[in-house]
Amino acid sequence: MLPTRRRPLPWPLLLLRRSKTTSAQHVAARHRDPTFEKFMDSYKHYLKALPVIDLIISSPGHTLPLSFLSSYFSQRLHLNRGPLHFLRAFPHLFSISYDKPFIVTLTPAAQSVLSAESEASSRESEAAACRLHRLLSMSLSHRLPLRAVFRVWRELGLPDDFEHLVIHQNPSLFSLSDNPNEPNTHIVELVDTGSKNFTPAIESWRTSQQKDSSFEFNLRFPPGMRLTKDYRARIKAWQQVPYTGPYEPCTTRGSGKNGRRMMEKRAVGIMHEFISLTVEKMVEVEKISHFKKWFGIELNVRDLFLDHPGIFYLSTKGYRHTVFLREAYEKGRLIEPNPIYDARRRLFDLMLLRRRGIGSLTDNH
């Protein structure tokens with residue numbers, strides 16, 4: 001006898017399934033997108049290279065003893081075969097001098113790309129200030145811990161010394177004060193909370209698409225994902241659920257089914273806007289979780305991303321969970337690139353070369 005087919009739960013009850021399905025099981029059961037998975041297979045190595053690059057840049061003479069990398073980075077970066085093997089795998093990025101002591105430097109090509117990124121970041125200081133302004137405007141109190149902003153400074157395209165170049169250089173916008181709840185930490189706050197009315201990225205999309213509903217999201221489901229008639233109906237109903245925008249005062253309460261649905265959609269709107277503010281339209285879930293309380297989000301953001309596969313894509317490659325904004329990508333690249341992204345992509349492309357063409361480089365020397 002065939003088993004009875006279970007009837008799908010109605011949309012308002014989807015969150016109740018979290019009590020029966022653990023977050024790990026929910027992650028494992030997600031529908032994979034091969035394009036994002038292939039991208040992250042290579043990008044995870046790029047993420048391991050970034051702290052090495054940062055350390056070389058901050059070192060005297062932009063050189064670093066290999067012995068320091070061996071003792072400091074192997075365990076943190078999960079370099080199972082050691083830093084030397086890792087560095088040798090990317091000769092277009094790292095140059096190794098084998099005269100004892102072994103010294104690691106960046107190649108001229110890598111230095112050129114990093115200079116281009118730094119110049120692009122400096123030219124876009126006004127845009128960086130606007131992104132920080134938007135981030136603070138989404139906070140219920142228009143305040144955020146400085147340590148939380150530090151976690152996403154690279155994602156937001158802020159300059160290295162953004163505390164001075166962005167916050168202190170814009171005293172009419174931002175102020176820094178001691179955090180009364182955490183010693184030796186600071187709070188960054190908007191000085192004028194009513195100075196600007198921002199339009200969320202999703203509203204700009206609705207206007208460009210001439211959407212009838214003011215609550216719809218751009219949905220792009222993973223290829224091969226089966227959308228049943230019932231699921232499509234629930235998605236259509238969810239698209240019509242009203243919610244409070246990310247820059248509007250939160251007046252919705254989570255009591256009752258309708259209240260929970262509106263709170264969930266508000267959380268989706270905030271996460272959509274947050275990721276839209278990032279340079280590469282992607283961010284680690286662990287980093288974004290530090291803003292939950294300040295944005296008034298009471299849901300598990302990882303489950304939120306998994307519950308909306310048409311809006312977000314969650315990857316688990318490289319010992320981390322990374323969320324992408326699906327609408328921003330096409331074939332593994334940003335649809336609308338920016339100067340900082342272009343520079344970072346050039347650095348990433350140098351990594352993708354691995355050892356290809358390294359013979360010609362040696363001949364030139």
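Phe 324 and Tyr 329 are both buried, where buried means under 20% relative accessible area, exposed over 50% and partly exposed in between, computed with a 1.4 Å probe on protein chains only. The model is predicted: local features need pLDDT of at least 70, side-chain atom pairs count only at pLDDT 80 or more, and totals for chains, interfaces and linings use all residues. Residues are numbered from 1 along each chain as its sequence is written, and side-chain values use heavy atoms, with hydrogens and water left out.

**Aromatic pairs**

A search of the whole structure finds 22 aromatic pairs. Rings of Phe, Tyr and Trp (its six-membered ring) pair if their centres lie within 6.5 Å; planes under 30 degrees apart count as stacked, over 60 as edge-to-face and the rest as tilted. Two of the pairs are set out here.

| Pair | Centre to centre | Angle between planes | Type |
|---|---|---|---|
| Phe 198 and Tyr 247 | 5.5 Å | 50° | tilted |
| Phe 324 and Tyr 329 | 5.5 Å | 85° | edge-to-face |

Phe 198 lies in the loop between β6 (186-190) and α9 (201-209), and Tyr 247 in the loop between α10 (229-239) and α11 (256-277), so their pair ties together parts 49 residues apart in sequence. Helices (H or I, at least four residues) and strands (E, at least two) are DSSP runs, numbered from the N terminus. Phe 198 is buried, at 10% relative accessible area. Tyr 247 is buried too, at 17%.

Phe 324 and Tyr 329 belong to a cluster linked by ring pairs.

**Charges over rings**

The charged end of Lys 265 sits over the ring of Trp 238, 4.5 Å from its centre. Arg 206 lies over the face of Phe 217, 5.5 Å from the ring centre. The criterion is NZ of Lys or CZ of Arg within 6 Å of the ring centre and within 35 degrees of the ring normal.

**The sheet**

Three strands form an open sheet in the order β7-β9-β8, with antiparallel pairing. Two strands pair if DSSP finds at least two bridges between them. The edge strands, β7 (282-284) and β8 (312-315), each pair on one side only. Neighbouring strands are turned by 20° against each other on average, direction ignored.

β7 and β9 (residues 322-325) run antiparallel and are joined by three bridges. Met 282 stands opposite Phe 324 in β9.

Helix α2 (residues 34-58) lies across β7, β8 and β9. The helix runs at about 45° to β8. Axes are lines fitted to C-alpha atoms, for helices over the stretch in contact (heavy atoms within 4.5 Å), and angles run from 0 to 180 degrees between N-to-C directions.
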